[in-house]
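Please look over the sequence and the model first, and then follow the points below, which are grouped by topic.

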Amino acid sequence: MPETSRHHQVVVIGGGNGGISVAARLRREGVADLALIDPNDDHFYKPLFSHVAGGTARASITVRPQRDVIPKGVRWIQDAVTSIDPDARALTLQGGDRVTYDHVIVCPGIQQDWDRVPGLVDALATPSVASNYRFDLAAKASLLLRDVKGGTVVFTQPPGDASCAGAAQKPMYQACDYWRAIGVLDRIRVVMVVPTSTVFGIPAIDQELERKIAEYGIELHTRSELLDVDAAAGVVVIGGPGGAERISYDVLHVEPPQSAPDWLAESTLADAADEGGFVEVDTATLRHPRYPNVWALGDAAATSNSKCGGALRKQTYVLAKNLVAVLGGKAPTSRYDGYGVCPMTVSRSTVVWAEFDAEGELDPTIPFWKTMYRESRLSWIFDRRVLPWVYWNLILTGRV
Ligand SMILES: Cc1cc2nc3c(=O)[nH]c(=O)nc-3n(C[C@H](O)[C@H](O)[C@H](O)COP(=O)(O)OP(=O)(O)OC[C@H]3O[C@@H](n4cnc5c(N)ncnc54)[C@H](O)[C@@H]3O)c2cc1C
């Protein structure tokens with residue numbers, strides 16, 4: 001028997017970028033009975049983790065108490081969902097409670113699978129391994145990269161689905177810029193491991209990044225991934241179809257393999273034909289094709305775009321409009337176009353602003369500014385200074 005059972009008109013699973021923003025939009029649209037389930041005390045602005053690791057932001061500015069960002073009028077259930085029964089319109093929580101809903105919005109993000117690389121979990125506890133993908137490890141990365149004066153530094157990006165996959169590269173470019181400024185870059189072998197055949201996958205962006213890679217003297221390994229970490233020996237094995245290679249490292253910076261949360265992948269919300277396990281949605285309306293009272297967005301949804309916060313700005317708008325239409329007995333007519341963005345920080349003062357559509361074509365927000373993707377100081381100011389303010393004050397409050 002469940003501990004308690006309660007019902008809400010709309011339930012949001014996950015209070016991250018997507019969950020808080022869509023809940024705020026729904027409150028603005030007048031939805032009154034709204035609950036949000038999230039176990040965590042803290043809310044993070046993850047794009048700044050890269051700046052923390054790269055030495056251009058303090059960790060403390062990336063986090064705020066979750067209670068401060070939950071929109072007024074939204075009931076916060078501080079627990080984790082462990083299963084969903086979409087036929088019964090019911091959720092089971094870790095604490096044993098049961099929650100039923102008229103509509104549910106599924107956005108618990110992506111799962112970080114650190115244990116998928118043998119030796120990685122143990123390696124994270126050693127002084128020379130860090131990552132910009134976790135709050136504590138980003139702060140650790142910042143100090144580690146700052147103190148390198150020579151030797152080998154390896155950065156890795158995993159294959160498969162990932163949240164802002166290219167973010168693994170950002171602290172690397174920033175660190176190279178710093179090492180060059182203090183005169184030690186020539187003494188450091190910088191290795192970048194990417195699973196793709198080019199560094200980013202969009203020709204114009206590749207060109208910009210390849211120029212920086214040549215400028216910093218980075219050794220780029222394409223079609224490769226981190227296969228094993230032997231932290232005691234300070235050795236990684238990287239490789240791909242071409243074979244495996246052992247590299248001794250002084251510092252290792254890892255982006256973890258990622259996947260759909262296990263409980264979601266095991267549910268009937270995922271498309272059985274899609275191995276990814278993410279929530280199946282109509283990629284335009286963000287409504288589930290088989291369960292009309294299930295909606296999904298953000299990193300947990302099987303949308304066609306790359307997984308990023310920039311996409312959520314549009315997705316939350318579309319989903320809120322469509323859900324309100326359905327609650328009012330109308331058809332959902334708002335459509336998400338597949339927009340995605342990944343601002344690639346390529347120095348401590350410049351960014352390559354990569355905006356693209358679902359087909360991987362450049363998709364600039366300012367249509368007449370065709371060269372907006374090129375390395376620029378203005379993009380850095382926008383990414384580092386303007387966007388964090390926009391996030392806390394306008395995005396999380398459902399205003400944009
Ligand atoms: C290092 C890094 C850098 C990034 N840089 C950029 C960038 O520069 N630009 C950009 O656009 N995007 C960037 N992103 C991606 C962006 O942060 C994500 O796409 C975005 O946060 C996804 O939002 P979400 O709501 O889907 O998931 P999240 O923001 O991850 O939120 C998920 C929430 O669900 C909660 N949750 C998890 N499991 C459960 C459960 N079982 N029950 C209830 N709640 C649960 C979690 O506590 C969390 O609060 C970056 C990501 C990372 C990691």
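Glu-275 counts as exposed, because its relative accessibility is 82% and the cut-off for that class is over 50%. The model in which this residue is seen is a predicted one.

**Two loop residues**

- Glu-275 is found in the loop that lies between α8 (262-265) and β19 (294-296).
- Between Glu-275 and Leu-378 there are 40 Å in space, taken from C-alpha to C-alpha, while the two residues are 103 residues apart in sequence.
- Ser-224 has its place in another stretch, namely the loop between β13 and β14 (225-230).
- Ser-224 is buried, because its relative accessible area is 7% and the class takes in residues under 20%.
- If residues up to four places away in sequence are not counted, Ser-224 touches Gln-157, Val-193, Val-194, Pro-195, Ile-238, Gly-239 and Gly-240.

**The five-stranded sheet**

- Five strands make up an open sheet with parallel pairing, and their order is β10-β17-β11-β12-β13.
- The edges of this sheet are taken by β10 (129-130) and β13 (219-221), each of which has a single partner strand, so one side of each is left without a neighbour in the sheet.
- Strand β12 (residues 188-193) runs parallel to β13 and is joined to it by three bridges; within this pair, Val-191 has Glu-219 in β13 as its bridge partner.
- Helix α6 (residues 170-181) packs on the sheet, where it touches β11 (151-156), β12 and β17 (251-254), and the direction of α6 makes about 165 degrees with that of β12.

**The three-stranded sheet**

- A further open sheet is formed by three strands in the order β14-β15-β16, and here the pairing is antiparallel.
- Its edge strands are β14 and β16 (243-248), each of which pairs on one side only, and the twist from one strand to the next averages 25 degrees.
- β14 and strand β15 (residues 235-240) run antiparallel and are joined by five bridges, with Asp-230 standing opposite Val-235 in β15.

- Helix α1 has 12 residues, and from its first C-alpha to its last it reaches 17 Å, which is close to the 16 Å expected at 1.5 Å a residue.
- Nine of the 12 residues of α1 are buried, and the helix is thus mostly covered; among the buried ones are Gly-19, Ile-20, Ala-23 and Ala-24.
- After α1 comes Gly-30, a residue whose phi is positive, near 95 degrees.
- Two packed helices are described by the angle between their axes and the distance between the axes.
- For helix α1 (residues 17-28) and helix α9 (residues 309-327), the packing angle is about 40 degrees and the axes are 9 Å apart, and α1 passes α9 in a right-handed crossing.
- On the α1 side the contact involves Asn-17, Gly-18, Ser-21, Val-22, Arg-25 and Leu-26, which meet residues of α9 including Gly-309, Leu-312, Arg-313, Thr-316 and Tyr-317.
- Sorted by class, the residues in the contact of α1 with α9 are eight nonpolar, five polar and two charged.

Terms used: Residues numbered from 1 in each chain as written. Predicted model: local features only at pLDDT ≥ 70, side-chain atom pairs only at ≥ 80, totals over all residues. Heavy atoms only, no water. Axes fitted to C-alpha atoms, helices over the stretch in contact; angles between N-to-C directions. Helix = DSSP H or I, 4+ residues; strand = E, 2+ residues; numbered from the N terminus. Left-handed = near helix turned anticlockwise from the far one by under 90°. Contact = heavy atoms within 4.5 Å. Nonpolar A, V, L, I, M, F, W, Y, C, P; charged D, E, K, R; others polar. Pairing = 2+ DSSP bridges. Expected span 1.5 Å × (residues − 1). Buried < 20%, exposed > 50% of the residue type's maximum accessible area, 1.4 Å probe, protein only.
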